[in-house]
Amino acid sequence: MVFLTIFEKNIKNMKKIYLTILILFVYCGYSQSQSEKSLKQGQYSNPIFAGDYPDPSLLRDGKDYYVVHSSFDYYPGLLIWHSTDLMNWEPVTNALHKYVGAVWAPDLIKYNNKYYIYFPANNTNFVVTADSINGPWSEPVDLKIGNIDPGHVTDDKGNRFLYFSNGGYVALSKDGLSVTSELKHVYDGWKIPREWSIECFCMEGPKLFKRGEYYYLTVAEGGTAGPATSHMVISARSKSPLGPWENSPHNPIVRTNNSSETWWSKGHSTVFEDANGKWWMIFHGYEKDYYNLGRQTLLQPVEWTKDGWYKISDNIQTDKPIAKPEGKTLPEFSLSDNFGGSALKPQWKFYNEVENSRFKVANNTLTIEGKGDGVGNSSPLVVVPGGHSYSAEVEMEIEGEATGGLVLFYDNKYYSGILADQNNILANLRGWQFPTEKNTHARKVFLKLKNIKNTVDMFYSIDGKDWKKIENSVEVSGYNHNVLSGFLGLRIGLCSIGKGSVKFKNFVYKAL
């Protein structure tokens, strides 16, 4: 009996100890996860542009900030975004409407009260101009010079130059619309230690500014994708915009050190002073486990050393909360669209050339004429999602022999989603398309995609309220550059395929 009493007491004590340990474990785990996710007042967390927004080029114009990104084969191109606090952004206008090929890293600048965007496409470089940031923007002017990633700079006398990714520059005319010299190579970049895991040396993305007596040249090295530790931010300075350039002792200014970090392949930076005299760096990076979101836009403060170099403060990390910049907050922007008005909102893009005669917006309806015989050659209308989990839904009406669809689209070879013809629901799994629910509707139907951390379920509804999941789902983490190349991210697309047209209404996007 004595033994049993002692045993029972020990069991009770062990239970108390176990319960205490369990409570502490749960609490600590909860506290840690909450502290990582929650933000104190006056803080922000990266990204500032969630989703496929690569190669950011930022212009501060007084108290206003404008950003433009690579737009590749999605047109209209060169979407300009506006902010007054660097946190909240609204689309302004597209600066490029004429198809000139895949648009890579641009540079947005202002010179003598005129706005310019320099950008490479189709093995040459172009410039578009405007007297107002809101447009209208000019037709693209071919500068008739190769290389990529143009970066504009002026000297103290107003002479204009354009740098390229190869470390060379050319002189520009006073109006900035033509090249007036041969290319001269003046910068070799920063030597990357051979033992580092990188994709390639691949110097790119020159961005230039002047502070005090020095001009500063910021480039990216290491390769855009590949290993997590590839891309990095490199800095150099000179007392002339034409060199010679001295590399910073703090290089690399920003780099992913190992694959356990949240943000991979960080690079392609614009360094700028805000309206309150503080300095920042805007750049891009891939998110661990969400490579298919593309390169997302990130922001970090920089500090200046006594000897005139900029660097990242030791207590700043890309994936930790950071003190917000000051500024007036804009209303929150939403991807949802009821297709009001008479024109598409600027966030919508067609894959490849825009055919204005193919679509119209009227009476809260977007009508798109059918094209091609499948998703890949239908030139879908796409928009960039952000975040790890979301849903997207739309109402459709099929006219003629068309097929309409709601898909996740990487490019014209890689996509998946749910579609509908006159009577049937179709599934498309990585290009394999087939009827999955027959005789479900009579030309009118609602479609929905629900993406939960890269697992996508697909639904349809007759009334927009009672949703039925089809049996087919798809996993989409492999839709990324390291697998497929192309430098792209996965986008939500509206398809109109075949003979006839599709009417779209009430596109609803929700972060989950």
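1. K110 is partly exposed, with a relative accessible area of 31%; the term covers values between buried (under 20% relative accessible area) and exposed (over 50%), for a 1.4 Å probe and protein chains only. Its side chain meets that of D61 in a salt bridge, at 3.0 Å from N to O. A salt bridge here is a side-chain nitrogen of Lys or Arg within 4 Å of a carboxyl oxygen of Asp or Glu. K110 lies in strand β7 and D61 in strand β2 (residues 57–61), so the pair ties together parts that are 49 residues apart in sequence. D61 is buried, at 18% relative accessible area. Strands (E, at least two residues) are DSSP runs, numbered from the N terminus.

2. The model is predicted: local features need pLDDT of at least 70 and side-chain atom pairs count only at pLDDT 80 or more, whereas totals for chains, interfaces and linings use all residues. Residues are numbered from 1 along each chain as its sequence is written, and side-chain values use heavy atoms, with hydrogens and water left out.

3. A search of the whole structure finds 14 salt bridges. One of them joins the side chains of K114 and D131 at 3.0 Å, N to O. This pair links distant parts of the chain, with K114 in strand β8 (residues 114–121) and D131 in the loop between β9 (124–130) and β10 (141–142), 17 residues apart. K114 counts as partly exposed at 26% relative accessibility, and D131 is exposed at 59%.

4. K503 and E399 also form a salt bridge, at 3.8 Å from N to O. K503 belongs to strand β38 (residues 500–511) and E399 to strand β29 (residues 389–400), 104 residues apart. Both count as partly exposed, K503 at 22% and E399 at 28% relative accessibility. Elsewhere, salt bridges that share partners join E303, K311 and D314 into one network.

5. The side chain of K349 reaches the backbone oxygen of P76 at 2.7 Å.

6. Seven of the seven residues of strand β5 (residues 77–83) are buried, so this strand is largely enclosed by the rest of the structure. Strands count as paired if DSSP finds at least two bridges between them. β5 runs antiparallel to β3 (residues 64–68), with four bridges, and antiparallel to β6 (residues 90–96), with five. I80 of β5 stands opposite V68, and its bridge partner in β6 is T93. The hairpin of β5 and β6 has six residues between the strands, and L86 there takes a positive phi near 70°.

7. The structure holds 35 aromatic pairs, defined for rings of Phe, Tyr and Trp (its six-membered ring) with centres within 6.5 Å; planes under 30 degrees apart count as stacked, over 60 as edge-to-face and the rest as tilted. Y75 and Y99 form a tilted pair, 4.8 Å centre to centre with 50° between the planes. Y75 lies in strand β4 (residues 74–75) and Y99 in the loop between β6 and β7 (107–111), 24 residues apart. Y75 counts as buried at 0% relative accessibility, whereas Y99 is partly exposed at 30%.

Note on methods: A polar contact is a pair of N or O atoms within 3.5 Å; within protein, one must be able to donate a hydrogen and the other to accept it, and residues adjacent in sequence count only if both atoms are side-chain atoms.
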